[in-house]
Amino acid sequence: MATTPLWHDAVVASFRDVTPTVREFCLRPGADQQAAAQHYDPGSHLQLQILVNGKPQTRSYSLIGQPDASCYRIAVKRLEAGRGGSMAMWRLAVGDRLRITTPQNHFPLELSAPAYLLVAGGIGITPLVLMAQTLSQRGASIRMLFGARSEAELAFADVLRKHLGDRLQTAIADKGEQISFETEIAALPKGGLMLICGPLPMLDAARAAWTAAGRPLADLRYETFGSSGRFAPQAFRLQVPRHNLDITVDAQTSLLETLEGAGVMAMYGCRRGECGLCTMDVLALDGEIDHRDVFLSEHEKTANQRMCVCVSRVLGTVTLETAYRPEA
Ligand code: FES
């Protein structure tokens, strides 16, 4: 199980739009805005509680830029077809209160590698901003690839260009530009690390090229957003014979949260589709599973015999066995 984070009050001190669809928030800790923000390392995030359709929901956001005792900075992508958290964040006004955790880090930056390749897709840039700043200040060998829909969607490109100069290369989808993982990985010195944060298809392409190049998987570090699937979230039916449950998972709530809400004890770790601790056996499926994790192999995803309930969703009806088994 993950360590329990410490929750406390915070206030929206300010916000600004860094792209047409990305809003950066400055959150001051303490109900009276008097507490100091804690120091954090590159790759850190905080969790935040927000009301979605009147129900409290938890979301994770990476911390951006150098630690600043006066506030925590996060950025939120506007997702009209998301689970509702992003739109609820975009409705926040200066002075609004919310609950946040102290910083945690599941995506740490190891500083002893001979070279670094940082790769970001869209809002996946957020954990990599401080990594780029830290590595460039240390004089590390670094190159960054940043893919976005358009020039206007290159969030934080100004600060990245300042630190990286021409070591930052962008790929704009609207111009037909793509990241060539094969070329970039071939140019990365032996022992170099690739750190990546972006949507699942980007991660899959990076992992395939990394493996094909014979690089050790331990040198590929990544963080995902649990929100990027093949289908927009929608309600689906969940049956759990062991607990005599036949309930609906609504579009705004994850399968794991729904089970917890129904009083079912479920194993979990990262809650981001990375560790596999929440994996459950699929007893029956009438419809399709939208696998949104990076834990199961492509073969396992196609077989549909297990699913990561923290992030993956279903179109139709699924019947699950909730008893924990580390291996199928
Ligand atoms: S809790 Fe880690 S993959 Fe679901």
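**Reading the strands, a helix and the cysteines**

Modeller: Let's start with strand β11 (residues 193-197), which is joined to β12 by 4 bridges, the two running parallel. Please keep in mind that this model is predicted.

Colleague: What makes β11 and β12 a pair of strands?

Modeller: Pairing requires at least two bridges between two strands. β11 and β12 share 4 bridges, so they count as paired. You can find the place by looking for M194, which stands opposite L220 in β12. In a sheet, strands pair through backbone hydrogen bonds.

Colleague: How many strands form the open sheet, and in what order?

Modeller: There are 5 strands, in the order β10-β9-β8-β11-β12, and their pairing is parallel. From one strand to the next, the twist averages 15°.

Colleague: Why are β10 and β12 called edge strands?

Modeller: Each of them, β10 and β12 (220-223), pairs on one side only.

Colleague: Which helices lie across these strands?

Modeller: Helix α2 lies across β8 (116-121), β9, β11 and β12, and runs at about 155° to β8. Helix α3 lies across β9 and β10, at about 145° to β10.

Colleague: Which residues of α3 are buried, and how do you know whether they line one face?

Modeller: In α3 (residues 157-164), the buried residues are A157, L160, H163 and L164. Looking down the axis of α3, we find them within an arc of 130°, so they line one face of the helix. The face turned away from that buried side carries D158 and K162, which are exposed.

Colleague: What covers the buried residues of α3?

Modeller: The cover includes α2 (126-137), β9 (142-148) and β10 (168-172). Just after α3 comes G165, with a positive phi of about 55°.

Colleague: Now the cysteines. Why is the link between C26 and C71 called a disulfide?

Modeller: Their sulfur atoms are 2.4 Å apart, and the cut-off is 2.5 Å, so the pair qualifies as a disulfide. The structure holds 1 disulfide. It links distant parts of the chain, 45 residues apart: C26 sits in strand β2 (residues 22-29), and C71 in the loop between β4 (55-62) and β5 (72-77).

Colleague: Is that disulfide left-handed or right-handed, and how do you know?

Modeller: The torsion about the S-S bond of C26 and C71 is about -135°, so this disulfide is left-handed.

Colleague: Are C26 and C71 buried or exposed?

Modeller: Buried means under 20% relative accessible area. C26 has 4%, so C26 is buried. C71 has 2%, so C71 is buried too.

Colleague: How far is the sulfur of C197 from the closest cysteine sulfur?

Modeller: It is 13 Å from the sulfur in C270, too far for a bond. With a relative accessibility of 3%, C197 counts as buried.

Colleague: Finally, into which domains is the protein divided?

Modeller: Domain 1 covers 7-104, domain 2 covers 116-223 and domain 3 covers 236-321.

Colleague: How many residues of domain 1 and domain 2 are in contact?

Modeller: 19 residues of domain 1 are in contact with 15 residues of domain 2, and the C-alpha centres of these two domains lie 24 Å apart.

How values were computed
Residues are numbered from 1 along each chain as its sequence is written. This is a predicted model: local features need pLDDT of at least 70, side-chain atom pairs count only at pLDDT 80 or more; totals for chains, interfaces and linings use all residues. Side-chain values use heavy atoms; hydrogens and water are left out. Buried means under 20% relative accessible area, exposed over 50%, partly exposed in between (1.4 Å probe, protein chains only). The arc is that of the directions from the helix axis to the C-beta atoms. Contact means heavy atoms within 4.5 Å. Axes are lines fitted to C-alpha atoms, for helices over the stretch in contact, and angles run from 0 to 180 degrees between N-to-C directions. Domain bounds come from an automatic or database domain assignment.
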